[in-house]
Amino acid sequence: MQAAFALGTILLVAALLPAAEFSRFSVLAAAAQFAAIFGFEWIRIAATRFYPGENEAAALSGRRTTRLLFLRMAMVLFAAALCFWLSGIDWQLLLLLTGLALAQALSDLHQTMVRFDGLM
């Protein structure tokens, strides 16, 4: 699902942006993907050790910790976007890329929460 979403986004943006702008978009998209993988994927991978919770209290603690880490990494992602914006990158493009990275991370977060419940 994520791959289809990413491909659709790239094709849509490629049709809308001129070549020079698409190059900038590609670099920023790669940076956003790196941030999403670096910042959020490691949370999901680290949480696999605790799947499913051995009891309800352990599952609740794991979900709470994972959500807290997700929020912290989202703040880091927004801080990085702010730094890019201050360096002269278009804020609408940054907002789009940050939103896409967070949407991908939310998908991973949902899968993690379901696994804590032992449903997968």
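Helices (H or I, at least four residues) and strands (E, at least two) are taken as DSSP runs, numbered from the N terminus. The structure is a predicted model, in which local features need pLDDT of at least 70 and side-chain atom pairs count only at pLDDT 80 or more, while totals for chains, interfaces and linings use all residues. Residues are numbered from 1 along each chain as its sequence is written, and side-chain values use heavy atoms, with hydrogens and water left out.

Helix α3 comprises 31 residues, 56-86, and reaches 45 Å from its first C-alpha to its last, close to the 45 Å expected; the expected span is 1.5 Å times one less than the number of residues. Just after α3, Gly88 adopts a positive phi of about 105°.

Residues were classed as buried under 20% relative accessible area, exposed over 50% and partly exposed in between (1.4 Å probe, protein chains only). Buried residues of α3 include Ala59, Phe70, Leu77 and Ala81. Trp85, also found in helix α3, counts as partly exposed because its relative accessibility is 43%. In helix α4, which holds Thr98, this threonine is buried, with a relative accessible area of 7%. Leaving aside neighbours within four places in sequence, Thr98 is in contact with Leu77, Phe78 and Ala81, where contact means heavy atoms within 4.5 Å.
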